[in-house]
Amino acid sequence: MVDYVVTFALGVCHCSTVLASLPINRMAIYKWPTAEGRSRRWSRVYLLVLCVALYYYYAGSAGNLAGYRPLDSEALAKRERIVAQCRYTRTPAGPPIDFHRRDQSDRYSPDTKPTLIKNARIWTGAENGTKIVQGDLLLHKGLIKAVGNVPLHFLENLQLEVIDAHGAWVTPGLVDLHSHLGVGSAPMVEGASDTNSLKAPILPWLRSLDGLNTHDEGYELARSGGVTTAQILPGSANDIGGQAFVIKLRPTKERVPTAMLVEPPFTLNGSHFDRDLPPRWRHMKHACGENPSRVYSMTRMDSGWAFRSAYESARKLRDAQDEFCSKVEAGLWSDLGDFPEDLQWEALVDVLRGRVKLSVHCYEAVDLDMIVRLTNEFRFPVASFHHAGETYLVPELLKKTWGGAPSIALFAANFRKKREAYRGSEFAPRILTSHGLSVVLKSDHPVVNSRYLLNEAALAHYYGLPDNVALLSVTANPARAMGLDHRLGRIQEGYDADVVIWDSHPLSLGATPLQVFIDGIRQFQAPQVSVKPPFMQRCPDTPNFDKEATEAFEHEGLPPLIPKSVQHAVFINVSGVYTRSNGDLSLEEHPEVVVARGGEIICTGTRLTCSKTLDEVDDEVAVIDLEGGVIVPGFTTYGSPLGLTEIRLEPSTNDGSAYNALAHDPPPIIGDTLIRAIDGLQFEGRNMLLAYRGGVTAGVVAPSGEFVQGVSTAFSLGAPHLLGNATIESDVALHVTITMNGAQSVSTQIAALRHLLFGTGGDEVLARVRNGQSTLVVNVNSADIMATLLRLKAEYENHTSKTLSLTFAGASESHLLANEIASAGVSVIVTQPKPFPYTWEERRILPGPPLTADSLLPVLLAAGVNVGIGLANEFEARHLRFEISRVFFSANGSIDRTTALKLATTNLEKALGIHSTMPQDLVAYPGGHVFGFEGKASAVISEQLGRIDLFE
């Protein structure tokens, strides 16, 4: 009877407490507590007193008080904590209902002056990204206080910092949904490598916060690209890699990782917290496919079972908790025991309770299908699929995910380095958007330098993603996928004061911040500005890619890329023709017509002056209206293994790595012969054909390897095979790598190079290098190693009285020796035009605006260095002209258009020592100049191949 009485009394107590915690309008839906301040806490005291009184009343009436000891205050308090814990366990995550009544941000720094940004063109993110406001913006106490017309009384008694934007574009701070900033720090050294644990495939108990390095040089660079918030994920080596955390990228006075967090879970620093507040969202990383399989030598089947086994463990713990709490709610306290807990599985239990924003790394349909089935088996939602290369092929599958379709976080163009990424498409964002799915563009920093996160959105826009959605993809959409769209991703009153002022339209090529605010704090005290032309204040008028997008979907990511070839073509409405002339470029402006036959231009001028050649062309001539566009020399790509590699991480698709002479591993049969790239060339690969369609007609590639790589070759990207007029120059240059990251010391590598130069015998290309007839190209980034090489060059020339033709490739720190390099007559090929300190020997980069006034290539050009531009990744080759354009637009007028074109044509070829005359391969771009996002290549006039290729 006593147990019944106690149960009854405590049941009344519990029910009263729960009812008191429920808002009236929510009682019939779910138990979501609300904070009501001091009066709420007093009412709970009254309820506790009532519970005790009820206990004594009913216990006394039962006639059993003589043999029963009442619960003491400690036991009653324990039961009250258990009741609160059970209630909290079943409370959905999200912000308090009164969140937007806050007067200041929880991240507000009290010494921050209020800022009024005047005369701005404000992209707010509202109304599906279509609302643009002309006016002012007030930032105060870490919040956006007013947008558009700022009431005068808002400004009273404020010591304002006023910034006149002069009509510049202002957007919310960019939000990176997928980053490894801080855990994969720059420069990359072993002591700060915390992206992946390699202990086991299933590790939901790990936390990225525990490895977050506050000294990562990537933070400042990311801010300089307008990124203000990032989700820091564990890596993808594990099926379940651990818990993620969202951070703001500004420095804090505390200088500790915890101070960078945005709405960390209340459980982060212990189990004692106010359970009257709703839980904050938690975050976690899953991965499937090739990465876990490669790291743990398992198959997709193993991963599938690992996931199911882990979720079954979590389900059992969740069910045990629910059973425990059901007894508490029923008042069955006898032999109840402790609340079931397990620190290893508690985070995964929260996934099952729908309180974790889950990020899942999955590329292929087979992996996506597995995860979707898993969500329905264990009934949990997914916030976002990442990388997600084949999602655009299976949009209906995504909608079957339990809880609704996730956001899809994509690269704009980083595909084909793995088999599972081979079918990725630049048209995925637009296709997914057309199916009503939320698209996010992300960096996966440092895979893509997060400084250029906005460039991912701009590329997606170039390929057909609507401009409003492109901007949402790096602001409001990732904020929603994080569960933080109540405070991030929009310019709206009450939101965090994270905003960016841009030097041009945010989707224009090379858009750069003039100023960045995080929590209302300006991030650059003296930002450097590169003046952009007025037309860049408009959203780019991008080409039509409807046909290509349809073909990408129809052919499951592998559309036909080989162009249609013709022998005769007439180009009309041409604004200019640039051609090669004696190692330089010449320009003919506004020819009325350009007539091409058999891969050569046979006439330019008026219809009258070209009448004879026009009469000679047959009826099958292709007439191409360039609509004011231009014809320019085809670009040459260098720096990546394009032509030797198809799928970088699939050895069977590649030429492989050359033997390392310093490791004593070349077999005797090779003798003194150098490895030649021409012997490993392969054609009609997808990266090669896409680069050709992007206006890149020639490639120079060296064998892959360490120290002595071998001899490079120059070839045509449009050739069908090696015997199809592919060879431009079979043996171009001798390539060597000198690096602090090699297996042998730098001094050993230099000694070996000295021996090669001063020695006798060996390969004929080496002999030509010794005689100054071929170029020695040294891949090197450190200014210190470059200085040593300049000293070695002088030593060699003084000793032999011969000229050593030397070129530095990579050359991230070459600005530190610009004058010395110029004096020595050494050329430079910059293969990271978007600079980043990936390694220690690149730590002294020259980042450019807004951090520095100068950028690497303009500094070298100003010093008189012959400079070319290259790219390190084969998938990037198709966008070579965009990198040239970025250099051109950020040079503050110090580079003209012709000089910019030379960076990937005559300058590059001179740096590589290409002796034979490059073919007069030309590319036609309708609708504007080659620079910017306004045009796409429509045809190649190929002297090398003797034909005209049309990209229909």
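**Entry 1: around N907**

Leaving out residues up to four places away in sequence, N907 touches L861, N866, V867, G868 and K902. I count a contact when heavy atoms come within 4.5 Å. N907 is found in helix α25, residues 906-912. Helices are DSSP runs of H or I with at least four residues, strands are runs of E with at least two, and both are numbered from the N terminus. Is N907 buried or exposed? N907 counts as buried because its relative accessibility is 13%. The cut-offs are under 20% relative accessible area for buried, over 50% for exposed, and partly exposed in between, with a 1.4 Å probe and protein chains only.

Two notes on how I read the model. Residues are numbered from 1 along each chain as its sequence is written, and side-chain values use heavy atoms, with hydrogens and water left out. Because the model is predicted, local features need pLDDT of at least 70 and side-chain atom pairs count only at pLDDT 80 or more, while totals for chains, interfaces and linings use all residues.

**Entry 2: the sheet that holds β32**

V867 in β32 stands opposite V828. I take two strands as paired if DSSP finds at least two bridges between them. Strand β31 (residues 827-830) and β32 are parallel and share three bridges.

Which strands make up this sheet? I read the order as β25-β28-β29-β30-β31-β32, an open sheet of six strands with mixed pairing. At the edges I find β25 (708-711) and β32 (867-869), each of which pairs on one side only. Neighbouring strands of this sheet are turned by 20° against each other on average, direction ignored. Helix α20 (residues 783-800) packs on the sheet and touches β29 (775-780) and β30 (806-810). The direction of α20 makes about 170° with that of β30. For such angles, axes are lines fitted to C-alpha atoms, for helices over the stretch in contact, and the angles run from 0 to 180 degrees between N-to-C directions.

**Entry 3: a sheet of four strands**

Next I looked at an open sheet in the order β23-β24-β26-β27. Its pairing is mixed. β23 (635-638) and β27 (727-729) stand at the edges with a single partner strand each, so one side of each has no neighbour in the sheet. On average, neighbouring strands here are turned by 30° against each other, direction ignored.

β23 runs parallel to strand β24 (residues 696-701), and four bridges join them. Y638 stands opposite V700 in β24. Helix α23 (residues 880-890) lies across β23 and β24. I read its angle to β23 as about 95°.

How many residues of β18 are buried? I find 10 of 14 buried in this strand, residues 568-581, which makes it mostly covered. Then I followed its pairings.

- With strand β19 (residues 584-589), β18 runs antiparallel over six bridges. T579 has S586 of β19 as its bridge partner.
- With strand β20 (residues 593-597), β18 is antiparallel and joined by five bridges. F571 is partnered by V594 in β20.
- With strand β22 (residues 622-633), β18 pairs in the parallel sense over seven bridges. Here G576 stands opposite V630.

β18 and β19 form a hairpin with two residues between them. N582 in that turn has a positive phi of about 55°.

**Entry 4: the chain overall**

I noted 25 helices and 35 strands in the chain. The radius of gyration is 32 Å, close to the 30 Å of the globule rule for 952 residues, so the chain is as compact as a globular protein of that length. This radius is taken over C-alpha atoms, and the rule is 2.2 Å times the number of residues to the power 0.38. Of the 952 residues, 60% are buried. Among contacts between residues at least 6 apart in sequence, 74% join residues at least 24 apart.

**Entry 5: confidence**

I checked pLDDT, the predictor's confidence in each residue, from 0 to 100. The chain has a mean of 92, and 93% of its residues reach 70 or more. Over residues 1-42 the pLDDT is below 50, yet this stretch has 68 contacts in the model beyond near neighbours in sequence. Residues 57-66 are also below 50, with 11 such contacts. Where pLDDT is low, the predicted coordinates should not be read in detail.
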